[in-house]
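Reader: I am new to this structure and would like to learn how to read its features. Please take them one at a time.

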2 protein chains.
Amino acid sequence: MTDHIYWKDGSLYLLDQRALPFKKTYLQCKGLKDIVYAIKSMVVRGAPLIGIVAAYGVALGIQEILASKGRIKDDDIDKICEKLAKTRPTAVNLFWALERMKNAFRQYSNKADMPDLMTDEAIAIHVEDIENNRMLSLYGSELIDDGDTILTHCNAGALATGGYGTALGVIRAAHAGGKKIKVIATETRPYLQGARLTAWELYEEGVDVEIVPDNHVGFLCYNKGIDKVIVGADRIALNGDTANKIGTYMIALCASRYKIPFFVAAPVSTFDRNINNGAYIPIEERDSREVKYIHGKPLTLEAIKARYYSFDITPERYVSNFITEKGIIEKPFKKYIKMLFS
Amino acid sequence: MTDHIYWKDGSLYLLDQRALPFKKTYLQCKGLKDIVYAIKSMVVRGAPLIGIVAAYGVALGIQEILASKGRIKDDDIDKICEKLAKTRPTAVNLFWALERMKNAFRQYSNKADMPDLMTDEAIAIHVEDIENNRMLSLYGSELIDDGDTILTHCNAGALATGGYGTALGVIRAAHAGGKKIKVIATETRPYLQGARLTAWELYEEGVDVEIVPDNHVGFLCYNKGIDKVIVGADRIALNGDTANKIGTYMIALCASRYKIPFFVAAPVSTFDRNINNGAYIPIEERDSREVKYIHGKPLTLEAIKARYYSFDITPERYVSNFITEKGIIEKPFKKYIKMLFS
């Protein structure tokens, strides 16, 4: 489950998540264009993974420029990062990773070695993400009780990150620790990350998992069928307002109605220190054909309109705790989130 | 849009709603078995329509017995109704229609004319349903303002009823009355009644309609994108607790959070005078393959489990008003719902 992204002989290989769990095909990314395509078209998705892939994209971009022009200029990095920054607007890990790559670039004067130095930095980001996930998962697993039924939305698993996962990392760690848990995975329309990726990851891991349509959560809470909710995040504002896969907010409202703990598991790189609350988080709207077609076949008439927002904002009052590699964050979030950066 | 159910030469013809909006094929029902199949396998769906189809099923059952045995016995009606009652458990209109057919059967002593008398009673139920829908829609249209954006879930349209519709009837009447309205239709997984039926009905009618995945409602409410919600119902308890398509409850919670009016449009036959609250309403669980497959293709691995409840219960506190053919029902529902039966 951790071979979904690897670097080999100057190329980045990405498992095409659009074809999972049916086909395991890899996209070989030889240059910046391939990376831009992979992120935009959702060959890869998941906030932490997008950041990691973008970091490798910077390394590939630098490698290409050196190969074609024979030298690297100071502003080459900005042009590369600009292209990558335009791929997807909501997940902040993308911008965080680009910033880190820029800083690394500026540290080194030896431009001839830059491709290797940039690749090393991308690999460091990748490896650190896995370490962070393992750490936050250990912290998070303390919040899980033996016998819990846990609901999760979309995929915040190994496939959404460098490896191990955030929300699914917590579940993985609790399971590995011997806790008997059951997981309900919402299918997550329209891309079905829950049905295709989360259910598959957990099934392979031997965790008891069951898929439900996104519209089932209210009834399951009403029926006392959920003990805890854990989701990942794409961007978290300083006050704790959380952007995550569309549908997260409705789940949080249901959980709140029944006093079911609602946890958000994310590395510190998902917190945006430049944004005070969720109103400033840009929400991506994607092509409505992604809603209207499945397996290449239409679900309704071509003439009928549809709308697809990729994310929504869960106001901080509906979040019980954040789970990070630096520990569990309690309320008041405003106070403790700031401390993550100090 | 009203040719989806008709009686001709001793057969009931049903438009197969599973193939809509792509193919218009009819199932000719010559006997009771065909009707049982049509309801169970969702050739037809929608609480009022299920009641009407079951009524015709009684007529067909009686017709078959007279043809095969040469005479009708007093208890034949019970055996027929028992088979029909087992098709689907939640929509109360089914049991209401069967009760009405039994009462009609007992009124007549002339058993030789019984097939015609039963057919006439089924046609009466059918015609009255359309009249009731037109009447409740007129009442309901008074609740709609010019410029409203209205969210609806599943399909409570002409296709869910004898004709004209309940929730969509209200929208139809407001639109016909010159009010400029916009409709957001949730796609309604797994059967996609919203994307396939509701969007199609409204598109054909010239109403501005847009599909969203079920998980979008929270974000749309948060963004002030919804003025009113109108849904149908499958069974309403005496206190106002409402069974309707799975997902309705989550929508009601979102609407309540933003003080968006939440209307339930349903004929009096959808109110169950035998049930004090929603805890007594049986919720149908259907085959999980209906979640795991679409267009005959799997959405995930065969080995992965799924769950599919057809309906949920919206507690009465989240309903603003009921819209019936006898008028708009205000709170306290307990008091006014009882008056429907007096």
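**Reading the salt bridges**

Author: Asp287(A) forms a salt bridge with Arg289(A), and their closest N and O atoms are 2.7 Å apart. Asp287(A) is partly exposed, with a relative accessible area of 34%. This is a predicted model, in which local features need pLDDT of at least 70 and side-chain atom pairs count only at pLDDT 80 or more, while totals for chains, interfaces and linings use all residues. Residues are numbered from 1 along each chain as its sequence is written, chains are lettered from A and ligands numbered from 1 in the order in which they are written, and side-chain values use heavy atoms, with hydrogens and water left out.

Reader: What is a salt bridge, and how many does the structure hold over all chains?

Author: Side chains of opposite charge can pair when their charged atoms come close. The term here means a side-chain nitrogen of Lys or Arg within 4 Å of a carboxyl oxygen of Asp or Glu. Over all chains, the structure holds 41 salt bridges. Some are linked in a network, which joins Arg88(A), Glu284(A), Arg286(A) and Glu290(A).

Reader: Which parts of chain B does the pair Asp148(B) and Lys228(B) tie together?

Author: Asp148(B) and Lys228(B) meet through their side chains in a salt bridge of 2.7 Å, N to O. Asp148(B) lies in the loop between helix 5 and strand 4 (149-152) of chain B and Lys228(B) in strand 7 (residues 228-231), so the pair ties together parts that are 80 residues apart in sequence. Helices (H or I, at least four residues) and strands (E, at least two) are DSSP runs, numbered from the N terminus.

Reader: Are Asp148(B) and Lys228(B) buried or exposed?

Author: Both Asp148(B) and Lys228(B) are buried. Buried means under 20% relative accessible area, exposed over 50%, and partly exposed in between (1.4 Å probe, protein chains only). Another pair is Glu285(B) and Arg307(B), whose side chains meet in a salt bridge at 3.6 Å, N to O. Glu285(B) is partly exposed at 46%, and Arg307(B) is partly exposed at 29%.

Reader: How is burial read for a whole helix, and which residues of helix 9 of chain A are buried?

Author: Count the buried residues along the helix. In helix 9 (residues 248-257) of chain A, 8 of the 10 residues are buried, so the helix is largely enclosed by the rest of the structure. These are Thr248(A), Tyr249(A), Met250(A), Ile251(A), Ala252(A), Leu253(A), Cys254(A) and Ala255(A). Helix 9 of chain A is followed by Lys259(A), which has a positive phi, near 55 degrees.

Reader: What is a patch on the surface, and which residues form the nonpolar one?

Author: Patches are made of residues with over 30% relative accessible area and no salt bridge; like charges are joined within 9 Å, and nonpolar side chains (Val, Leu, Ile, Met, Phe, Trp, Tyr) within 5 Å. Met135(B), Leu138(B) and Tyr139(B) form a nonpolar patch, with about 290 Å² of accessible area together (Shrake-Rupley method, 1.4 Å probe; for residues, only the protein chains shown count as cover). Met135(B) belongs to helix 5 (residues 114-141) of chain B and is partly exposed, with a relative accessible area of 40%.

Reader: Where does Lys83(B) lie, and is this residue buried or exposed?

Author: Lys83(B) is found in helix 3 of chain B. Lys83(B) counts as exposed, at 53% relative accessibility.
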